[in-house]
Protein chains: 2
Amino acid sequence: MRILIKDTAILRMVDQNEGILYGDIAIEDDKIVAIGSVPEGFAPDHVIDGKKQLAMPGLINAHTHMAMSLMRNYADDLPLMTWLSEKIWPIEAGLTPDDVYLGTMLSIAEMIRSGSTTFNDMYFEMEEVAKAVEISGVRANLSRGMIGNDTEGHEKLENSRAFHEAWNGKAEGRILVDVAPHAPYTCSDGYIKKAVELSKELNTQIHIHLSESLFEVNESLEKYGVTPIKKMEDLGVFEVKTNAAHCVHLHEEDFEILKKHGVSVLYNPSSNLKLGNGFAKISKMVEMGINVALGTDGSSSNNNINMFEEMHLCALVNKGLEADPTAIPAYKALEIATIGGAKALGIDSEVGTLEIGKKADLILIDLDKPHLIPQYDLVAMLVYSAAASDVKTVLCNGKVLMQDYEIKSFDEKLILVMADEAAHNLVKRTQK
Amino acid sequence: MRILIKDTAILRMVDQNEGILYGDIAIEDDKIVAIGSVPEGFAPDHVIDGKKQLAMPGLINAHTHMAMSLMRNYADDLPLMTWLSEKIWPIEAGLTPDDVYLGTMLSIAEMIRSGSTTFNDMYFEMEEVAKAVEISGVRANLSRGMIGNDTEGHEKLENSRAFHEAWNGKAEGRILVDVAPHAPYTCSDGYIKKAVELSKELNTQIHIHLSESLFEVNESLEKYGVTPIKKMEDLGVFEVKTNAAHCVHLHEEDFEILKKHGVSVLYNPSSNLKLGNGFAKISKMVEMGINVALGTDGSSSNNNINMFEEMHLCALVNKGLEADPTAIPAYKALEIATIGGAKALGIDSEVGTLEIGKKADLILIDLDKPHLIPQYDLVAMLVYSAAASDVKTVLCNGKVLMQDYEIKSFDEKLILVMADEAAHNLVKRTQK
């Protein structure tokens, strides 16, 4: 299959000084084979008109729980523990495998429409999530979120192993499986060590929540005398390539530990703000050379998976926080949302930029909108003016998932109706 | 003219406990005549299908400079004074009346598409802005931004007076004219007093920038020994109903002064963050009973006029700032963006809520989108999940300005082309 995208503006995200290219993009099977000018002999099976559009790498949602779309706007504006213990956990306990499948498909529809081509998911019933990825054509790193201690949670480790065996590298290579001990405050030290051993054995990355709330950090300091991040270092977690979600409340030493071990920080501005956890120090991380990726968290603490919103927050909130209008400039926010995510997920040799030989994971932004005119600076435009709804066409792994605002890889209308019904039945079942 | 909106969800914004109503809305000429059930004899000239939609009051953009759309993404990620003195002021100096008209029309297209029906504008060549309001069908409070001292700026006062005479109450009452001394740091004390006198004489409100940057507040303290807000109180500004944009850097006493005089705060979260000015203490203002309205500021410091983004920031950023997930709950953010704006602009008896007898300024939100499913709580949905692009239909003063995503009151495509051309010519002219 050969696809030609014609006459488009192109932001490769390879070099800030490159600026915007203009021309065509040629795709053969899953790969980009030409950018700018296309060899004369290239005979496309499918041509996409790229006029008045901008091509850029698909966004990478580096931390989410896709099936939580079924809990969107179910419980908001509540204190954290009330929200979790009275609302989210009871409804989560009632989720069936079918619910997880439909919730994930609902999120995949939203994700495609908002320009993400890859997500990093930690949840349960992950076989259902994997099926949704396979069918829909997107790319994902998937991990079974594990909570346990010395006596409980063994089956989750085994489930992770089985899931890895069944799905790692599957769906034309679009699925990678990681290992995910949920968090230091939900896993015993011994359990985390077992997770690390499993990760080493399977040669996976680790996906974990770290230092999300002040409460978590203070509790760790009281109980163990060290921060959660220092504790994870001591347990050997960072001997494995680790992706740490949140990292909002860091001590000075924590930054050094993350840097030293090449831990990627998965930044979730909407969720951190909405739950009242506060502001991660992203400018400092970027200055130190810590790799930062961007995520939405689940739709129950966001309440969407709109990466344009997260990019906007990333660029704006850090300027306010640093009292510096030059903090996290637009290009940096775009890097964090693309190649930063790819580096975190260990797939930066394949995606995250538009380059010849890389996978064709790319999106086309419709520039013919009042809020995107005039177009002096397309990089600033993407971060400060554009919205998820400006994403017109989406390709992943060389396949067209959406063209001219129409999802091509599955029946979106059917998923919307079925997911809506599943959500309402879920509430009925769990709210007796 | 009689319009019937059928079978829709309705959020009146009259009482938080009312919840969502379901039914029809009847409009006769410029007014709402029925909500919920419509009298049998009502014979509509035009019927709008409201199924899978939510009707709510049009959003009120309480502080903006609409024509600055022509400078969108022209200069970003720069220190404040570099941005102003090297980029914005030189290009602004080259704006012609036609540019102001086209820039304003471009912003009105964006405003309608993003669900605002009213804006509060401070700029120059205001006759052009007024013409754009008249033609496009939206509602606006307009004021000539005035900079001056004892020897300079007299003509701006006279221009304000003439503009008031020509346009106040015009365009079927959709235009109100206010008086706008730009800011304490750009106007002498004597000049501000003259503006206050003019405002009293014409019986207008005052629109002013106050305490936007730390630099401004510190300079005022050094030069005069008082904050800008105390200084304005001393000069008698607050004897007139005042709308104060920004109010980011307030001293304890400033809050009391604003409260005492019934000053409305026009909150611009994107702009305050983007320029590195920081975080206005909105939760505290709300708790004290200060009226807060929401604005986008101009498109050169935002870089759009998307009130859904501002609502989202208003609800999220203040939760992060207060470390409290219950701060500025969704309904409060909606109030700030609707009736709060109407109160600031002095038009709350006419707009800002959906009520029988009020003007028909309302928008319909398209609920049939993946990011808006499921729909447990439509109030939370509007603030945390929805986007400007979910606005499907817009009415102002009983006229349909957009239906099914198509702008009806002017030729949008033509405006986009002409504004784009004007912007490029403007840069060519001013960048010799």
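## Reading salt bridges, strands, a helix and an interface

Me: The side chains of Glu28(A) and Arg2(A) meet in a salt bridge, 3.7 Å from N to O. Which parts does the pair tie together?

Reply: The general idea is that side chains of opposite charge can pair when their charged atoms come close. Here Glu28(A) sits in strand 2 of chain A and Arg2(A) in strand 1 (residues 2-10), so the pair ties together parts that are 26 residues apart in sequence. Keep in mind that this is a predicted model.

Me: How does the accessibility of Glu28(A) count?

Reply: Glu28(A) has 31% relative accessibility and therefore counts as partly exposed. Arg2(A) is also at 31% and is partly exposed.

Me: Which residue forms a salt bridge with Lys231(A)?

Reply: Asp189(A) does, with the closest N and O atoms 2.4 Å apart. Lys231(A) belongs to helix 7 (residues 228-234) of chain A and Asp189(A) to helix 5 of chain A, so this pair ties together parts 42 residues apart in sequence. The cut-off for buried is under 20% relative accessible area. Lys231(A), at 6%, therefore counts as buried, whereas Asp189(A), at 31%, counts as partly exposed.

Me: What about Lys6(B) and Asp24(B): in what do their side chains meet?

Reply: They meet in a salt bridge, 3.8 Å from N to O. The pair links distant parts of the chain, with Lys6(B) in strand 1 (residues 2-10) of chain B and Asp24(B) in strand 2 (residues 21-28) of chain B, 18 residues apart. Lys6(B) is partly exposed at 31%, and Asp24(B) is buried at 13%.

Me: How many salt bridges does the count come to over all chains?

Reply: The count is 55 salt bridges over all chains. Some residues join in a network of salt bridges, as Lys230(A), Glu233(A), Asp234(A) and Lys260(A) do.

Me: Now the strands. How do strand 2 and strand 3 of chain A run?

Reply: Look for the bridges between them, then for the direction. Strand 2 (residues 21-28) and strand 3 (residues 31-36) of chain A run antiparallel and are joined by 5 bridges. The hairpin has 2 residues between the strands, and in it Asp29(A) takes a positive phi near 55°.

Me: Which residues of chain B is Gly36(B) in contact with, leaving aside its neighbours within four places in sequence?

Reply: They are Ile10(B), Gly23(B) and Asp24(B). Gly36(B) lies in strand 3 (residues 31-36) of chain B. Its C-alpha atom is separated by 8.1 Å from that of Ile10(B), 26 residues away along the chain.

Me: Does Asn243(B) count as buried or exposed?

Reply: At 0% relative accessibility, Asn243(B) counts as buried. Asn243(B) lies in strand 11 (residues 242-246) of chain B. Apart from neighbours within four places in sequence, its contacts include Gln205(B), His207(B), Ser264(B), Leu266(B) and Ala344(B). Between Asn243(B) and Leu258(B) there are 9.9 Å in space, C-alpha to C-alpha, and 15 residues in sequence.

Me: Which residues are buried in helix 4 of chain A?

Reply: In helix 4 of chain A, Lys156(A), Leu157(A), Ser160(A), Phe163(A), His164(A) and Trp167(A) are buried. They cover an arc of only 125° around the axis, which puts them on the same side of the helix. Among the elements that cover them are helix 3 (126-136), strand 8 (139-146), strand 9 (175-181) and helix 5 (189-202) of chain A.

Me: What span should the 14 residues of helix 4 of chain A have?

Reply: At 1.5 Å a residue, helix 4 (residues 154-167) should span 20 Å, and its end C-alpha atoms are 20 Å apart, which agrees. Just after this helix, Gly169(A) takes a positive phi of about 80°.

Me: Last, the interface. What area do chain A and chain B bury between them?

Reply: The size of an interface is often given as the accessible area lost when the parts come together. Chain A and chain B bury about 4700 Å² between them, with 62% of it on carbon and sulfur atoms. In chain A, the residues that lose the most area to chain B are Asp77(A), Pro370(A) and Tyr376(A), together 16% of what that side buries. The contact takes 61 residues from chain A and 61 residues from chain B.

Me: How many salt bridges are found across the interface of chain A and chain B?

Reply: The rule finds 2. The side chains of Asp77(B) and Lys319(A) meet in a salt bridge of 3.4 Å, N to O.

Definitions and conventions: Residues are numbered from 1 along each chain as its sequence is written. Chains are lettered from A and ligands numbered from 1 in the order in which they are written. This is a predicted model: local features need pLDDT of at least 70, side-chain atom pairs count only at pLDDT 80 or more; totals for chains, interfaces and linings use all residues. Side-chain values use heavy atoms; hydrogens and water are left out. Two strands pair if DSSP finds at least two bridges between them. Helices (H or I, at least four residues) and strands (E, at least two) are DSSP runs, numbered from the N terminus. The expected span of a helix is 1.5 Å times one less than its number of residues. Buried means under 20% relative accessible area, exposed over 50%, partly exposed in between (1.4 Å probe, protein chains only). The arc is that of the directions from the helix axis to the C-beta atoms. Contact means heavy atoms within 4.5 Å. Buried area is the accessible area (1.4 Å probe) that two parts lose on being put together, summed over both. A salt bridge is a side-chain nitrogen of Lys or Arg within 4 Å of a carboxyl oxygen of Asp or Glu.
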